[in-house]
Amino acid sequence: MSIASSARRMLLAKPRTYGGSLVLNLLGWQVVRIFGFWLWRTLRIPKRVDARYAQEFSELKSRGAVFVPNFFSPSDYAYIKSEFERLKPAFEPDGTEIGIPHVDRMSIYDPRVSDKFRSLILNAPMVREIGSAYLNRDYHFPLHVYLTNVHLGDNEVGLPQNGGTNNLHMDVPTRVYKAFFYVDDVNESNGAMRYAFGTHTHHALWRLWFEYVLSVRYALNRYRVDTEGEYRLNLPWVRITDEEEKKYRINPEPMNGKGNTMALADVGAFHRRGVMKNAGERHTIEINFREVETLRNNFFPLEQWFRWILGRTPASFEKFKTAR
């Protein structure tokens with residue numbers, strides 16, 4: 001691997017859910033990581049949220065997730081639905097998923113996506129304004145946005161749906177912000193994500209202890225010869241038991257919502273993909289801010305300055321940046 005490619009990987013590396021050796025985790029490495037992420041966020045000058053979104057921002061901070069119904073005007077919503085249906089036959093399977101339900105996707109930067117559709121999603125100011133204030137930093141890259149169709153066939157109803165993300169988990173031990181736009185109604189029958197409201201506060205004593213326990217479990221499972229990634233077929237490396245859910249009062253609830261709802265969520269809370277009870281489809285648009293924690297995002301203003309000094313062209317992705 002070249003020095004350039006190694007540097008690129010380091011600059012774009014996202015924080016992992018767990019990390020470190022067994023010895024480090026026994027000594028409390030996960031707790032140290034949580035403190036480090038908290039310090040990195042709180043030492044910055046606080047970003048203020050636009051007063052128009054104060055109520056939604058307050059609910060996100062207190063509960064970990066907030067639903068915003070009737071997000072787009074009726075005419076814009078109708079256009080988004082019709083364009084989604086037009087594009088859906090061109091979606092491709094998400095190769096990272098395991099088993100069922102099936103997940104097909106298309107990037108919003110695909111040339112087949114119309115400029116109007118792309119602009120409506122990327123330039124919705126509430127999503128970015130709340131995200132920047134909640135994470136306390138700007139996001140300099142194009143948003144990772146996918147049009148997503150999750151579907152289950154008639155002959156698959158009742159079959160196990162227990163791939164890695166169907167198990168209770170959290171993404172990263174710090175604030176992690178995502179938005180989900182419901183193109184159609186999302187409910188328990190079509191597998192609405194189940195979210196444990198209030199479990200996004202990593203500094204709570206029960207959470208610190210539980211993450212310590214899970215990090216040690218992760219480190220022990222690294223020694224298994226049949227694991228090839230964080231998730232293996234049917235079970236993740238770190239499985240939370242039913243008894244632990246009860247002990248720590250983790251109660252995932254379905255994130256039900258009508259079409260034209262925007263759900264804003266901190267997926268550092270415990271959550272799981274819902275089980276589809278009936279054959280059918282679930283249509284959403286997923287907006288991911290995960291790369292906000294990468295080194296390149298944090299030092300991107302410096303990169304822009306160096307490009308300007310050296311007379312280099314702007315980064316290739318800057319043409320996709322959303323409006324402020």
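I started with the second largest pocket of this predicted model, which holds about 280 Å³ of space. A pocket here is an open set of points on a 1 Å grid over the protein atoms alone, with protein on both sides within 12 Å along at least five of seven lines. Points are joined across faces, edges and corners, and the volume is the space filled by probe spheres set on them.

Lining residues have an atom within 4 Å of a point. I found 16 for this pocket, and Trp38, Arg41, Thr201, His202 and His203 are the closest to its centre. Helix 3 (residues 29–42) gives the most, with six residues; helices are DSSP runs of H or I, at least four residues, numbered from the N terminus. I sorted the lining into eight nonpolar, five polar and three charged residues, with Ala, Val, Leu, Ile, Met, Phe, Trp, Tyr, Cys and Pro as nonpolar, Asp, Glu, Lys and Arg as charged, and the others, Gly among them, as polar.

Next, cavities: sets of points where a 1.4 Å probe fits but cannot get out. My search of the whole structure gave three of 30 Å³ or more.

Last, the whole chain: 49% of the 324 residues count as buried, meaning under 20% relative accessible area (1.4 Å probe, protein chains only).

Local features need pLDDT of at least 70, side-chain atom pairs count only at pLDDT 80 or more, totals for chains, interfaces and linings use all residues, and side-chain values use heavy atoms, with hydrogens and water left out.

Terms used
Residues numbered from 1 in each chain as written. Buried < 20%, exposed > 50% of the residue type's maximum accessible area, 1.4 Å probe, protein only. Helix = DSSP H or I, 4+ residues; strand = E, 2+ residues; numbered from the N terminus.
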